[in-house]
Amino acid sequence: MTQASECKDSRQRTGQPWNDMHSEALESMSSQQGDMRGMGSMLSKASQVFILTDENVAPFWLPEVAYWLRCDPAVDIIIKAGEEHKNLQTVQRIWKTLLKHHADRNALLINLGGGVITDLGGFAASTYKRGIKFINIPTTLLAMVDAAIGGKTGIDFGGGKNQIGTFAEAEEVIVDPVFLSTLPRRELLSGMAEMLKYGFIADANLLNTSLENYQDYILRCGEIKREIVAQDPTEKGLRKILNFGHTLGHAIESHCLTTDHPMMHGEAVALGMVATLWLSVEQCGLDKRVLKEYEMQLPVLLSEAEMNLTKSDVEPILSYLALDKKNKGKKPQFVLLEAVGKPIWDVEVEPKLVSDAMDYTINKVSSL
Ligand SMILES: NC(=O)c1ccc[n+]([C@@H]2O[C@H](COP(=O)([O-])OP(=O)(O)OC[C@H]3O[C@@H](n4cnc5c(N)ncnc54)[C@H](O)[C@@H]3O)[C@@H](O)[C@H]2O)c1
Ligand SMILES: [Zn+2]
């Protein structure tokens, strides 16, 4: 991994698990109970235990987790689901609940949910009385492989995402695919795109991730993220490779939010990775077969996406690149690949080439 020099069955949530993991899920519960009991000492040292979750996760998992943890009586804090609640108002609600229950510095907050919960809860915990301990129990694939790991916490503020936050590590991150048995398929596919990202930047084996085997690779993704974060905790250099596919992915996501067809984060990243692989072929000599093989996964990855992108979307998408806080000066900066597992960061790309990459991507996905 190097810094650039000048290199060029869409079932909806029904109240029942949607997929066939449930029997496995039940089996895995016993091991989960084991893991959770292993946390016994941390829980018993805590003066009080609080469980933060959202209204979608609570009915499925809150009673089970409270039972596994044997942490009755824990105080439950159930918030509304969705990114729009990852804000200061919700944090205030959490702080107020902690205060109301006289939580002291030895209180423990358990964040049970997706990335919104782990970001919010981590932030609330790391700031309450200058910081109390917290544990993340991620329940979305994206949170298991990304959001719950690495110590970045935060909330949206002033119209921007993650504008306020802290670096604070969870005491533990408990990952168990059992939680994914209730996750809508679109969310699952969105998380799978992030798993493929780790494949491109660090481990070719992960490029085999599919709906059939993704559970086998979850821990490996977390390991990769931890290794990268350990080497560059505050994103001075290497950590930027975690943004592979995200420069254009974020621009696509932001643009689509203004249309009738918003894309999920992972879906936009899936498209961002097409464009970024194309740029890597053009500018860094990446073997074209890497792009072609990835394209074969798109029909599944994007099977739940409601896409309606045409050539006329390219210009507005590119206008978001100018707003990217990672850009120095005018030219957008990218993480590109020389080969699978050999990313380079801070690569400047000519705007015309970026525009060609987006044209290529939109052409490709409109034929799906
Ligand atoms: N801190 C980091 O390093 C980092 C990294 C990546 C993303 N993030 C943040 O993560 C957030 C996105 O996370 P997300 O994709 O997990 O979104 P999310 O937390 O909003 O969860 C997605 C949806 O799934 C529901 N859900 C969660 N688990 C469920 C389950 N097991 N069964 C049924 N429904 C379930 C939630 O209620 C929500 O409606 C963003 O705010 C993003 O900024 C943070
Ligand atoms: Zn992402």
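Predicted model: local features only at pLDDT ≥ 70, side-chain atom pairs only at ≥ 80, totals over all residues.
F50 makes contact with A74, V75, I77, L98, A103, A107, L109 and I110, leaving out residues up to four places away in sequence; contact here means C-beta atoms, placed from the backbone, within 7 Å of each other. F50 also turns up, together with I110, as a residue with the most contacts inside the largest nonpolar core, a set of 108 residues. A nonpolar core is built from buried Ala, Val, Leu, Ile, Met, Phe, Trp, Tyr and Cys residues joined through C-beta atoms within 7 Å. Buried means 20 or more other C-beta atoms within 10 Å of the residue's own, exposed means 12 or fewer, and partly exposed is in between, with C-beta atoms placed from the backbone. Helix 10 (residues 265-284) gives this core its largest share, 11 residues.

Residues are numbered from 1 along each chain as its sequence is written, and chains are lettered from A and ligands numbered from 1 in the order in which they are written.

Overall, the protein has 14 helices and 10 strands, taken as DSSP runs numbered from the N terminus (H or I, at least four residues, for helices; E, at least two, for strands). Of its 368 residues, 45% count as buried.

Ligand 1 has 28 residues around it, with N56, G114, G115, V116 and T140 coming nearest; a residue belongs here if its C-beta atom, placed from the backbone, lies within 6 Å of the molecule. Helix 3 (57-69), helix 5 (115-127), helix 6 (141-147) and strand 7 (160-167) each put at least two residues into this shell. Sorted by class, the shell holds 10 nonpolar, 10 polar and 8 charged residues, where Ala, Val, Leu, Ile, Met, Phe, Trp, Tyr, Cys and Pro are nonpolar, Asp, Glu, Lys and Arg are charged, and the others, Gly among them, are polar.

Helix 5 is mostly covered, with 12 of its 13 residues buried; G115 and V116 are among them. After helix 5 comes K129, with a positive phi near 50 degrees. R130, in the loop between helix 5 and strand 5 (133-138), has a positive phi too, about 65 degrees, despite not being a glycine. R130 counts as exposed because it has 7 C-beta neighbours inside 10 Å. In strand 7, N162 is another non-glycine with a positive phi, about 55 degrees, and is partly exposed, with 14 other C-beta atoms within 10 Å.

Back in helix 10, G272 is buried, with 28 other C-beta atoms within 10 Å. Beyond four places in sequence, G272 contacts G245, H246, T247, L248, G249 and I252. A305, in the loop between helix 12 (298-301) and helix 13 (314-321), is buried with 24 such neighbours inside 10 Å. The C-alpha atoms of A305 and S190 are 9.3 Å apart, although 115 residues separate them along the chain.

Terms used:
Contact = placed C-beta atoms within 7 Å.
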